[in-house]
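The sequence and structure are shown first.

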Amino acid sequence: MSETSENRVREQAAAAPGPADDRSELRADCANCFGLCCVALAFSRSTDFAVDKAVGDPCSNLGQDFRCGIHDKLRPKGFQGCTVYDCFGAGQKISQVTFVGRNWRESPDGSRQMFAALPVMRQFHELLWYLSEALARPAARPVHRQVRAELEKIERLTLSDVDTLLGLDVAAHRAEVNVLLLRTSELVRAEVRGKKKDRRGADLFGARLKGADLRGADLRGAYLIAADLSGADLRLADVIGADFRDTNLAGADLTDCLFLTQTQVNAAHGDAATLLPAGLERPSHWNKDATAPATPSGHKDAAPAASGRKGGPSRKPGSSRRRDSGPAGSRRK
């Protein structure tokens with residue numbers, strides 16, 4: 001790492017809030033980003049995206065001011081995938097810290113590195129999201145010291161120069177973090193008495209789980225695509241990496257759900273009665289969606305995105321809406 005980069009790391013670390021203060025820096029701030037997700041990521045024409053776009057090609061809806069020209073009309077215009085994606089604040093970190101305010105139009109020679117850095121930074125920021133939550137869980141106090149050390153290490157890595165960032169072994173860091181997240185999950189879910197459901201990695205595509213008692217359940221990596229979880233109780237359930245695409249969460253209680261992300265919430269359907277954890281926003285499209293999604297068409301091996309099938313998910317379980325690196329809390333955890 002260069003001397004300049006090291007100085008920037010120290011300055012950023014000194015200015016940063018305590019690790020357990022809040023997760024405001026891990027939420028997307030498009031006003032301080034150069035529209036990176038609209039350029040760096042690829043997507044295919046499907047029910048989620050109205051057009052094909054390659055990595056490095058600016059979306060046709062991206063303006064010169066790096067703002068989306070159809071932001072309030074994304075879903076009716078055929079870009080519902082954009083309303084699901086969340087960068088965990090990686091976009092503004094790369095724009096304002098890694099590249100110190102230089103955008104990809106001003107520095108075309110560095111644009112390829114900038115675009116390559118987005119999925120890497122996103123994974124690290126997602127890990128920071130989980131680690132920060134672990135620190136906020138009193139039941140996980142036995143591992144707080146290790147969690148805090150890991151969080152501070154990951155935070156330092158996100159402040160690296162771009163060459164260092166792109167050379168990092170993300171998978172190795174994910175594996176280290178996962179050990180702590182698994183232990184956190186065990187400690188937190190132990191607060192729920194009695195036998196808890198273990199549906200880790202389960203194929204629950206289109207499952208009828210209306211009103212189900214899933215308190216303290218292990219739903220890590222579960223395929224909940226188009227499942228009916230209306231009125232279900234998911235308090236203290238571990239949902240890291242669970243696939244909530246088109247899941248019906250109307251009236252569901254997720255107030256103390258473990259490791260839930262904005263991306264998962266955005267991918268689901270909910271209503272005014274859906275209870276979410278503090279810090280997660282109720283998607284604006286929930287007010288416009290039908291309370292109960294249409295019954296999914298097809299089998300669990302649904303057609304890929306390009307087929308554009310209607311009535312249910314049009315992607316194979318595990319495929320992503322945008323072609324980035326996928327969630328850090330994946331089924332391998």
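## A loop residue and its partners

Arg235 touches Leu214, Arg215, Gly216, Asp253, Thr255 and Asp256, residues up to four places away in sequence not being counted; contact means heavy atoms within 4.5 Å. The model is predicted, so to speak of local features a pLDDT of at least 70 is needed, side-chain atom pairs count only at pLDDT 80 or more, and totals for chains, interfaces and linings use all residues. Residues are numbered from 1 along each chain as its sequence is written, and side-chain values use heavy atoms, with hydrogens and water left out.

Arg235 belongs to the loop between H7 and H8. Its relative accessibility of 34% makes Arg235 partly exposed, a class that lies between buried (under 20% relative accessible area) and exposed (over 50%), as computed with a 1.4 Å probe on protein chains only. Between the C-alpha atoms of Arg235 and Gly216 there are 6.5 Å, although the two residues are 19 apart along the chain.

Leu234 is also placed in the loop between H7 and helix H8 (262-267). With 0% relative accessibility, Leu234 is buried. Beyond its neighbours within four places in sequence, Leu234 has contacts with Leu214, Leu219, Ala252, Asp253, Leu254 and Cys257.

## Overall composition

The protein chain has 8 helices and 0 strands; these elements are DSSP runs numbered from the N terminus, with at least four residues of H or I for a helix and at least two of E for a strand. Of its 333 residues, 52% count as buried. Among contacts between residues at least 6 apart in sequence, 53% join residues at least 24 apart.

## The nonpolar cores

A nonpolar core is a set of buried Ala, Val, Leu, Ile, Met, Phe, Trp, Tyr and Cys residues joined through side-chain atoms within 4.5 Å. The largest one has 80 residues, and those with the most contacts inside it are Trp104, Phe124, Leu219, Leu224, Leu234 and Phe244. Two or more residues each come from helix H2 (37-40), helix H3 (90-98), H4, H5, helix H6 (162-166) and H7. H4 gives the most to this core, with 14 residues.

Phe124 is in contact with Ile154, Leu157, Thr158, Leu165, Leu168, Val170 and His173, leaving aside its neighbours within four places in sequence. Another core, of 5 residues, lies apart from the largest one and includes Phe43, Phe49, Ile70 and Leu74.

Two packed helices are described by the angle between their axes and the distance between the axes. Here the axes are lines fitted to C-alpha atoms, for helices over the stretch in contact, and angles run from 0 to 180 degrees between N-to-C directions. Helix H4 (residues 111-136) and helix H7 (residues 170-189) pack at about 20 degrees, with axes 10 Å apart. H4 and H7 are therefore roughly parallel, given that angles under 35 degrees count as roughly parallel, over 145 as roughly antiparallel, 65 to 115 as roughly perpendicular and the rest as oblique. The residues in their contact comprise 9 nonpolar, 3 polar and 1 charged; Ala, Val, Leu, Ile, Met, Phe, Trp, Tyr, Cys and Pro count as nonpolar, Asp, Glu, Lys and Arg as charged, and the others, Gly among them, as polar.

H4 and H5 pack at an angle of about 155 degrees, their axes being 9 Å apart, and are therefore roughly antiparallel. By class, this contact of H4 with H5 has 10 nonpolar, 4 polar and 3 charged residues.

## H5, H7 and the position of Glu150

The axes of H5 and H7 come within 11 Å and cross at roughly 150 degrees, which makes H5 roughly antiparallel to H7. Gln146, Val147, Glu150, Lys153, Ile154 and Leu157 of H5 meet His173, Glu176, Val177, Leu180 and Thr184 of H7. These residues divide into 5 nonpolar, 3 polar and 3 charged.

Glu150 sits in helix H5 (residues 144-158). Its relative accessible area is 10%, so Glu150 is buried. Apart from neighbours within four places in sequence, Glu150 is in contact with Leu131, Glu176, Val177 and Leu180.
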